[in-house]
Amino acid sequence: MKSKASQENRRVIIARIIFAVVFVLLWEAAARWFMDPFWIGQPSKVAQRLWGLIVSNDLLWHMTPTVTQAAAGLVLSLVVGVPVGLLFAYSKFVERVLEPFFLGLYSIPRIALAPLFILWFGIGPMSKIVMAFSLVVFVVILNTYEGMRGVDKDLVDMLKAMRASRAYIFRKVTLPSIVPWIFASIRVGVGLALIGSVVGELLGSNRGLGWYVEHAAGRIDVIGVFTGLVILMVVGIVLNELVKLAEVRLIRNRY
């Protein structure tokens with residue numbers, strides 16, 4: 001079984017590499033022979049710009065705040081969102097009281113709040129962290145709540161009849177049920193947290209990938225814009241793969 005799974009994983013990796021290479025080649029061909037690279041960029045020039053950022057250490061300089069702010073916002077969303085989701089699931093009264101306010105806040109476009117966050121928290125990292133938090137926390141709350149709704153109530157009743165403690169039921173039944181939902185919210189939240197961090201940098205910052213994209217766009221530097229977008233895409237892919245790996249190992253080792 002392991003050898004079959006490893007073979008399948010190798011096939012997936014090879015297919016991903018082929019897809020990426022074909023996409024880049026088509027992009028390069030389109031930029032060279034079919035369209036003006038001013039409008040769509042050019043992979044070879046993006047690679048040159050990326051190498052220049054690596055050599056000059058500017059890549060690390062701009063990537064570090066964006067990733068750390070997004071990570072901080074994501075962690076804060078888990079710290080706040082998971083308990084709130086559990087509270088909604090455990091107390092129907094609290095859910096019914098707070099549901100309209102929760103849905104009202106959820107319907108507000110958080111991107112529109114970015115200027116307020118900068119006004120309240122300044123142009124430093126905190127405004128970007130709060131922006132990332134505001135985008136992710138509702139996803140965490142909803143996923144945690146849905147995970148709790150999927151808990152096997154018959155199994156819980158049986159354990160209660162056997163005088164199992166609440167802590168034991170939570171550890172053995174509830175937690176395994178909500179862990180996949182929490183990881184699903186993390187995987188969605190990675191992209192949302194990066195968006196929040198970048199939006200904050202677009203509106204007020206002096207470094208970061210969002211600032212780099214905005215600075216390049218202000219100079220009509222299309223290659224710079226695409227370079228920043230490619231870096232953000234790669235960062236998102238890497239972070240999602242790390243989350244998937246952590247999920248697989250946690251579920252395999254504990255559940």
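Setting aside its neighbours within four places in sequence, serine 185 is in contact with Val139, Val140 and Asn143. Serine 185 belongs to helix α9. Its relative accessibility is 0%, so serine 185 counts as buried, a class that applies under 20%. The model described here is a predicted one.

**Confidence**

The mean pLDDT of the protein is 84, and 96% of its residues reach 70 or more. Among the elements of the protein, helix α4 (residues 58–90) has the highest mean pLDDT, at 90. The lowest mean, 72, belongs to helix α8 (residues 153–161). Where pLDDT is low, the predicted coordinates should not be read in detail.

**Helix pairs**

| Helix pair | Angle between axes | Axis separation | Crossing |
|---|---|---|---|
| α7 (residues 125–149) and α9 | about 160 degrees | 7 Å | right-handed |
| α6 (residues 114–121) and α7 | about 140 degrees | 8 Å | right-handed |
| α9 (residues 166–203) and α10 (residues 209–218) | roughly 50 degrees | within 7 Å | right-handed |

Helices α7 and α9 pack at an angle of about 160 degrees. Angles over 145 degrees count as roughly antiparallel, so α7 is roughly antiparallel to α9. The residues of this contact divide into 15 nonpolar, ten polar and three charged.

How are α6 and α7 oriented to each other? Their angle is about 140 degrees, and α6 and α7 are therefore oblique to each other. On the α6 side, the contact is made by Ala114, Phe117, Ile118 and Phe121. On the α7 side, Met126, Ser127, Val130, Met131 and Ser134 take part. Seven residues of the contact of α6 with α7 are nonpolar, two are polar and none is charged.

The axes of α9 and α10 cross at roughly 50 degrees, and these two helices are therefore oblique to each other as well. From α9, the residues Val198, Glu201 and Leu202 meet Leu209, Gly210, Trp211 and Glu214 in α10. By type, the residues of the contact of α9 with α10 are four nonpolar, one polar and two charged.

**Residues in loops**

Arginine 207 sits in the loop between α9 and α10. Is arginine 207 buried, partly exposed or exposed? Its relative accessible area is 24%, so arginine 207 is partly exposed, the class between 20% and 50%. Leaving aside neighbours within four places in sequence, arginine 207 is in contact with Trp61, His62, Thr64, Pro65 and Glu201. Glu201 is also one of the α9 residues that meet α10. Arginine 207 and proline 180 are 27 residues apart along the chain, and their C-alpha atoms are separated by 35 Å.

With a relative accessible area of 45%, asparagine 57 is partly exposed.

Note on methods. Residues are numbered from 1 along each chain as its sequence is written. This is a predicted model: local features need pLDDT of at least 70, side-chain atom pairs count only at pLDDT 80 or more; totals for chains, interfaces and linings use all residues. Side-chain values use heavy atoms; hydrogens and water are left out. Axes are lines fitted to C-alpha atoms, for helices over the stretch in contact, and angles run from 0 to 180 degrees between N-to-C directions. Helices (H or I, at least four residues) and strands (E, at least two) are DSSP runs, numbered from the N terminus. Angles under 35 degrees count as roughly parallel, over 145 as roughly antiparallel, 65 to 115 as roughly perpendicular and the rest as oblique. A crossing is left-handed if the near helix is turned anticlockwise from the far one by less than a right angle, and right-handed if clockwise. Contact means heavy atoms within 4.5 Å. Ala, Val, Leu, Ile, Met, Phe, Trp, Tyr, Cys and Pro count as nonpolar, Asp, Glu, Lys and Arg as charged, and the others, Gly among them, as polar. pLDDT is the predictor's confidence in each residue, from 0 to 100. Buried means under 20% relative accessible area, exposed over 50%, partly exposed in between (1.4 Å probe, protein chains only).
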